[in-house]
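Here are some notes for a colleague who is meeting this structure for the first time. Please keep the sequence and the model at hand while reading.

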Amino acid sequence: MAQIGCTQTACVHNDCLVCRAESVHLDPVQGCKSFLDRSEAEKREVEVRLAPFSMSAPVVLLVRSNAPEIVREALSMGFTREKEPPTGFFFLGWSKTTQEKNLVWCRRTTFSDLEGVISEIGSHGYEVKNFILEDDRKKWEAEKSVYDLGKAERWRQLQEMAPPQLPRILSGGYWNGKVYGSYGKEFVYVGGEKRKLTPYHMDEIRNYKRKQKDYRQRTRALSLCCPV
């Protein structure tokens with residue numbers, strides 16, 4: 001098979017998939033791997049992510065490139081070098097979707113100032129990729145409203161809250177939280193005893209589960225210790 005000629009001039013040929021002996025680049029349009037790697041490192045991109053535990057500046061802007069020119073621009077725009085912070089939202093509560101050990105360039109801001117910051121960064125020719133979903137923002141705002149109550153008020157509400165009452169059909173033994181059977185033939189095991197469920201019982205259980213979920217989320221929010 002004939003070698004495909006390298007069409008890129010800015011490359012280190014002994015690292016090039018086209019020029020290296022016994023290596024053939026299957027995509028002649030893309031060309032040299034070294035050139036592609038350098039182009040990837042010099043991408044002018046900024047990621048916008050949510051730092052869920054931060055109540056003062058929850059929006060984190062990330063620049064991952066270490067190209068000298070981009071580093072100089074990042075510094076001029078107020079970015080600092082640090083470990084990538086935990087960001088994202090996990091289904092039943094705040095958590096981290098990423099926390100890589102590598103260092104990145106970070107800048108923090110608020111939702112109210114975000115539009116201006118994006119405009120500033122865009123004026124430097126950067127592509128801004130916003131990874132914050134509207135649902136994530138709403139959930140953060142709900143957490144913030146609880147946080148703003150103050151520690152004493154949160155503690156008072158937490159002490160006054162009572163868990164939802166277990167339906168009578170589920171009392172008298174251990175219930176694993178599961179309902180078995182098919183529609184109209186549902187049953188549960190309570191303390192090892194099989195109990196058949198009527199439509200009324202199913203409504204009670206669904207209502208109980210909904211209240212239990214709300215109770216857990218509310219108590220979690222009230223007891224949340226925000227580090228920032």
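Leaving aside its neighbours within four places in sequence, which residues is Glu 127 in contact with?

1. Glu 127 is in contact with Arg 44, Glu 45 and Val 46 once neighbours within four places in sequence are set aside, contact meaning heavy atoms within 4.5 Å. This is a predicted model, in which local features need pLDDT of at least 70 and side-chain atom pairs count only at pLDDT 80 or more, while totals for chains, interfaces and linings use all residues. Residues are numbered from 1 along each chain as its sequence is written, and side-chain values use heavy atoms, with hydrogens and water left out.

2. Glu 127 belongs to strand β5, strands being DSSP runs of E with at least two residues and helices runs of H or I with at least four, both numbered from the N terminus. Between the C-alpha atoms of Glu 127 and Glu 47 the distance is 8.6 Å, although 80 residues separate them in sequence.

3. Because its relative accessibility is 44%, Glu 127 counts as partly exposed, a class that lies between buried (under 20% relative accessible area) and exposed (over 50%), using a 1.4 Å probe and protein chains only.

4. The open sheet has five strands in the order β3-β4-β2-β1-β5, with mixed pairing; two strands pair if DSSP finds at least two bridges between them. Its edge strands, each pairing on one side only, are β3 (80-83) and β5 (127-130).

5. Strands β3 and β4 (residues 103-109) are antiparallel and share four bridges, and Lys 83 has Leu 103 in β4 as its bridge partner.
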